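Colleague: Thanks for making time for this one. Could you show me the model, and then we can go through it chain by chain?

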Amino acid sequence: MSTPSQTVGPYLGLGLPWDDGPSVVDEGTPGAVWIRGVVYDGAGKLVPDALIETWQADADGRFDHPDDPRGATSGFRGFGRCPTNDEGEYGIRTVVPGALPGEAPHINVSVFARGLLHRVVTRIYFPGNAEANAADPVLAAVPEDRRGTLIATESGDGYTFDVRLQGEGETVFFDV
Amino acid sequence: MTALSDSGLILPRYRRDPEGTHPPLDSPGYKSTGLRHPKQPLVLLPHKLTEITGPLLGPGRLGEFDNDLTRQHPEEPQGQRIIVHGRLLDGDGRPVPNSLVELWQANAGGRYKHVWDNWPCPVDPNFDGVGRAVTDSEGRYEFTTIKPGAYPWKNHDNAWRPAHIHFSVFGTAFTQRLVTQMYFPDDPLFSQDPIFNSVPDEKARQRMVSRFDLSRTVPEWALAFEFDIVLRGREATPFEDEEDE
């Protein structure tokens with residue numbers, strides 16, 4: 001029987017951030033991009049005490065994991081972690097993942113914060129993959145007028161992906 | 001949708017926890033949930049490659065005294081020295097080996113070493129309240145620390161958090177990621193704590209309470225508490241990854 005989830009509380013910044021947390025890939029990695037965004041609450045206020053975690057395949061759509069039946073690739077961490085700052089901002093340096101069998105390129109995201117008794121999970125998809133996104137079964141299960149909340153926008157050094165926990169433009173969250 | 005081709009991969013799926021295991025995101029007793037819980041229904045996420053894999057984080061993440069919070073400074077911290085140990089298990093009782101366990105906590109007086117914590121209780125210069133460990137081949141972890149104190153917060157009139165330690169674990173799949181809090185037996189503050197009581201199922205709530213473990217106390221040195229952390233288990237049979245019609 002599973003142990004219940006509890007909130008990270010306001011002092012998650014003590015225990016969870018790592019110096020290299022935002023670096024899914026090292027600086028100078030070919031194809032490296034920054035995914036940056038702001039986390040907002042239901043009043044449109046920024047959330048300065050959240051933590052974003054990301055999990056994704058590498059640029060070829062592979063995971064360094066024994067449960068991937070296609071065989072594990074080696075050495076790609078795939079994991080990013082960044083607390084929001086006083087302006088509610090986070091940033092993850094990574095590479096855009098490749099497509100997976102039957103799925104468009106995407107990054108899974110967990111959001112933790114004071115006031116969240118359980119993480120909330122969303123996905124980042126990428127613009128410029130119109131055909132693959134249109135065929136993606138997870139996106140297809142999302143009401144059409146809300147799909148846009150899952151698609152990052154291009155920015156100077158990569159992509160922007162904001163998270164709205166509640167209210168106008170609320171990000172789509174998943175039941176995992 | 002028939003335009004999609006099946007991936008044809010055989011993947012495990014993870015069981016969903018029974019109703020009442022986890023707190024509802026909208027828990028009005030805990031005021032901070034008010035503006036932070038999603039109001040739109042969650043969309044069911046099937047378990048595909050990104051969900052059945054996850055970060056495998058192990059020994060590379062550890063420093064020398066990461067699992068002994070009483071030895072991270074030249075002097076020892078104030079408070080009751082305790083050993084906190086247990087196993088990281090999946091829902092079928094199988095150990096999760098070589099897996100990162102992170103914790104953070106208040107000091108003996110209930111004060112966190114954090115710039116936002118400013119209630120009138122001194123910071124302990126010899127206690128950071130941050131630890132890491134990696135489970136062994138049988139899923140066991142162990143920390144030496146001090147018992148955290150209770151502390152007041154502003155959720156409701158005269159609100160106090162029961163003493164607790166924050167735990168963060170990964171398991172082996174994205175589906176298993178868990179952050180929880182470990183409590184201590186028979187805490188008189190449970191009855192007024194909306195975070196502890198946010199877990200609807202009474203038996204599930206009790207799974208967050210550690211057990212005093214006389215057998216692991218160290219004479220003239222430390223008390224001991226046992227806390228097993230159980231993650232979601234897998235469905236009995238793997239499924240072929242097919243798109244639902």
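Modeller: Happy to. Chain B has two helices and 14 strands, and please keep in mind that this is a predicted model.

Colleague: Now chain A, please. Why does chain A count as being as compact as a globular protein of its length?

Modeller: Chain A has three helices and 10 strands, and its elements run α-β-β-β-β-β-β-α-α-β-β-β-β from the N terminus on. For 176 residues the globule rule gives 16 Å, so chain A is as compact as a globular protein of that length, its radius of gyration being 16 Å.

Colleague: And what share of the residues of chain A count as buried?

Modeller: The C-alpha atoms of chain A fill a box of roughly 45 × 40 × 35 Å along the principal axes. Of the contacts in chain A between residues at least 6 apart in sequence, 70% join residues at least 24 apart. As for burial, the share of the 176 residues of chain A that count as buried is 52%.

Colleague: Which residue in β5(A) is the bridge partner of Q56(A)?

Modeller: Q56(A) belongs to strand β2 of chain A, residues 50-56. β2(A) and β5(A) pair in the antiparallel sense over seven bridges. Within β5(A), the partner of Q56(A) is I107(A).

Colleague: What about the hairpin of β5(A) and β6(A): which residue takes a positive phi there?

Modeller: β5(A) and β6(A), residues 120-125, are antiparallel and joined by six bridges. The hairpin has six residues between the strands, and the residue with a positive phi, near 85°, is G115(A).

Colleague: Which residue of β3(A) does T54(A) stand opposite?

Modeller: β2(A) also pairs with β3(A), in the antiparallel sense over five bridges. β3(A), residues 79-83, is mostly covered, with five of its five residues buried. Both of its faces are covered, F79(A), R81(A) and P83(A) being on one side and G80(A) and C82(A) on the other. T54(A) stands opposite G80(A).

Colleague: Which residues touch the most other members of the largest nonpolar core?

Modeller: β5(A) gives the most to this core, with five residues. F112(A) touches V8(A), L12(A), A50(A), L51(A), R119(A) and V179(B), leaving aside residues up to four places away in sequence. Of the 94 residues in the core, the ones that touch the most other members are V111(A) and F112(A).

Colleague: How many residues does each chain give to the contact between them, and what is the make-up by class on the side of chain B?

Modeller: The contact takes 60 residues from chain A and 70 residues from chain B. Elements of chain B that each supply at least two residues include β4 (100-105), β9 (164-169) and β10 (178-183). By class, the side of chain B that touches chain A has 35 nonpolar, 21 polar and 14 charged residues.

Colleague: Which residue of β2(B) does F174(A) stand opposite?

Modeller: Two bridges join strand β10 of chain A, residues 174-175, to β2(B), and these strands run parallel. In β2(B), F174(A) stands opposite V43(B).

Colleague: Last one: is M208(B) buried or exposed?

Modeller: M208(B) is found in the loop between α2 and β11 of chain B. Its contacts include T3(A), P4(A) and Q6(A) from chain A, along with Q181(B). The C-alpha atoms of M208(B) and Q181(B) are separated by 6.6 Å, though the two are 27 residues apart along the chain. Because M208(B) has 21 C-beta neighbours inside 10 Å, it counts as buried.

Notes: Residues numbered from 1 in each chain as written. Chains lettered and ligands numbered in written order. Predicted model: local features only at pLDDT ≥ 70, side-chain atom pairs only at ≥ 80, totals over all residues. Contact = placed C-beta atoms within 7 Å. Helix = DSSP H or I, 4+ residues; strand = E, 2+ residues; numbered from the N terminus. Nonpolar A, V, L, I, M, F, W, Y, C, P; charged D, E, K, R; others polar. Pairing = 2+ DSSP bridges. Buried ≥ 20, exposed ≤ 12 C-beta atoms within 10 Å, placed from the backbone. Core = buried A, V, L, I, M, F, W, Y, C linked by C-beta atoms within 7 Å. Rg over C-alpha atoms; globule rule 2.2 N^0.38 Å.
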